[in-house]
Amino acid sequence: MRGIMTARTKALTVLDPISAATETKAVHFEKPAPKSAVKLVSADNLDELISLVHNEAKVI
């Protein structure tokens with residue numbers, strides 16, 4: 001808390017901006033791959049949900 005209170009009263013040093021030449025350019029750009037379709041699983045079918053999570057998503 002002490003550091004926050006002393007920072008409020010500390011003097012700020014304002015520097016003049018410098019001019020910098022931009023020397024960057026884009027070499028290559030490509031769009032990301034589109035997302036796959038969504039699979040809906042009914043709440044009653046837990047076996048299919050576990051199978052999808054295990055085999056396709058590789059989560060468990």
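In which segment is K58 found? I located K58 in the segment after α2; helices here are DSSP runs of H or I with at least four residues, strands are E runs of at least two, and both are numbered from the N terminus.

I noted that this is a predicted model, in which local features need pLDDT of at least 70, side-chain atom pairs count only at pLDDT 80 or more, and totals for chains, interfaces and linings use all residues. Residues are numbered from 1 along each chain as its sequence is written, and side-chain values use heavy atoms, with hydrogens and water left out.

**K58.** I read a phi near 55 degrees for K58, a positive value in a residue other than glycine. K58 is exposed, with a relative accessible area of 64% (buried is under 20%, exposed over 50%, partly exposed in between, with a 1.4 Å probe and protein chains only).

**Overall form.** I found two helices and zero strands in the protein. The radius of gyration is 28 Å, well over the 10 Å that the globule rule gives for 60 residues, so the protein is more spread out than a compact globule. The radius is taken over C-alpha atoms, and the rule is 2.2 Å times the number of residues to the power 0.38. I recorded a C-alpha box of roughly 65 × 45 × 20 Å along the principal axes. Of the 60 residues, 2% count as buried.

**Charges.** I looked up 8 positive and 7 negative side chains, with the centres of the two sets 15 Å apart. Lys and Arg count as positive, Asp and Glu as negative, without His and the chain ends; the charge is placed at NZ of Lys, CZ of Arg, CG of Asp or CD of Glu.
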